[in-house]
Amino acid sequence: MPKTIGIIDADLLDNGTRHPNLALMKISGYQKELGNDVTLLEDYYSIPKYDEVYLSRVFDFTNAPIDPKNYPNLHIGGTGFFWMTAPDLPLEVEHHMPDYHLYDEYVGRQIARGIKPQTYSDYMDYSIGFTTRGCFRKCPFCVNQKYDHVFRHSPVKDDQFFGFPKWQEVLDELDETGRRFQFRQGLDVRLMTEEKARRLANVKYHGDYIFAFDHINEAEQVVRGLKIWRRHSDKSTKLYVLSGYES
């Protein structure tokens, strides 16, 4: 007999979020493949009604107004609960095709209320995933400290993308899809080279190029990288800037 599975995106229920929760989409896809009935829950009151419930939050400031210990059927995960010690998903779940229909009913209701469809473009129009994971920087403010190097995560068919020695292979795969793509994290402009700039400037890119400027002490490296980038591209470029931390 199929199990009833509840999915709770705590960030969505608290403040709303522009981005779907990738881990929850993978869990949903995996559970549906097992033949189970999956529902995106929009409250916490119905947790006891389900055989299993998966609750995730990305941000630690997101309010999840329950004590997980009170629910034996509840599984919690995400950096919002565990910071950099968040447990990995089981391998078969981590590499499962995400359920891109998990949020369909929710998004449909929001659009019917008059919210612009563009607000939910990340839910409806794009596939989302990691091509690489890990980082060697160990920045104290960053949640991405679990690993000490950059490694390939999934084929395309990111975190520290420029830190991955075979970054060109990733761009080759993205090129082969013929589709536009975007890196949502701030790429490490400190690692910019002429070759990287030339290649990145000539791919099928969607939207703004975003680089990271994490600390004022790194201004010289950041400016050096941006000068290299500007020799190859005049496209819209932005920086994620961390302010008010050790400065």
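In this predicted model, Arg 190 forms a salt bridge with Glu 218, the closest N and O atoms being 2.9 Å apart; a salt bridge here is a side-chain nitrogen of Lys or Arg within 4 Å of a carboxyl oxygen of Asp or Glu. The pair links distant parts of the chain, 28 residues apart, with Arg 190 in the loop between H7 and H8 and Glu 218 in the loop between E7 and H9. Helices (H or I, at least four residues) and strands (E, at least two) are DSSP runs, numbered from the N terminus. Arg 190 counts as buried at 11% relative accessibility, and Glu 218 counts as buried at 17%. Buried means under 20% relative accessible area, exposed over 50%, and partly exposed in between (1.4 Å probe, protein chains only). Local features need pLDDT of at least 70 and side-chain atom pairs count only at pLDDT 80 or more, while totals for chains, interfaces and linings use all residues. Residues are numbered from 1 along each chain as its sequence is written, and side-chain values use heavy atoms, with hydrogens and water left out.

A search of the whole structure finds 11 salt bridges. In one of them, the side chains of Asp 99 and Lys 32 meet at 2.7 Å, N to O. Asp 99 sits in the loop between helix H4 (91-94) and helix H5 (104-112), and Lys 32 in helix H2 (residues 22-33), so that this pair too links distant parts of the chain, 67 residues apart. Asp 99 is buried, with a relative accessible area of 7%, whereas Lys 32 is partly exposed, at 38%. Another salt bridge brings together the side chains of Arg 199 and Asp 175 (3.0 Å, N to O). Arg 199 lies in helix H8 and Asp 175 in helix H7, so the pair ties together parts that are 24 residues apart in sequence. Here Arg 199 counts as buried at 19% relative accessibility, and Asp 175 is partly exposed at 37%.

A nonpolar core is a set of buried Ala, Val, Leu, Ile, Met, Phe, Trp, Tyr and Cys residues joined through side-chain atoms within 4.5 Å. The largest such core has 23 residues, and those with the most contacts inside it are Phe 161, Leu 171, Phe 183, Met 192, Leu 200, Phe 211 and Trp 229. At least two residues of this core come from each of helix H7 (167-177), helix H8 (194-201), strand E7 (209-213) and helix H9 (219-230). H7 gives the most, with four residues. Leaving aside residues up to four places away in sequence, Leu 171 touches Phe 161, Phe 181, Phe 183, Arg 199 and Val 203, where contact means heavy atoms within 4.5 Å. A second, separate core of 17 residues includes Ile 7, Val 38, Tyr 103 and Val 107.

Tyr 240 and Phe 213 are 27 residues apart in sequence and 5.8 Å apart in space, C-alpha to C-alpha.

Five bridges join E3 to strand E1 (residues 4-9), and the two run parallel; two strands pair if DSSP finds at least two bridges between them. Within this pairing, Gly 6 stands opposite Val 53. Four bridges join E3 to strand E4 (residues 74-77), again running parallel, and the bridge partner of Ser 56 in E4 is Gly 77.

The loop between E3 and E4 holds Phe 61, which is exposed, with a relative accessible area of 57%.

Taken as a whole, the protein has nine helices and eight strands. Of its 247 residues, 42% count as buried.
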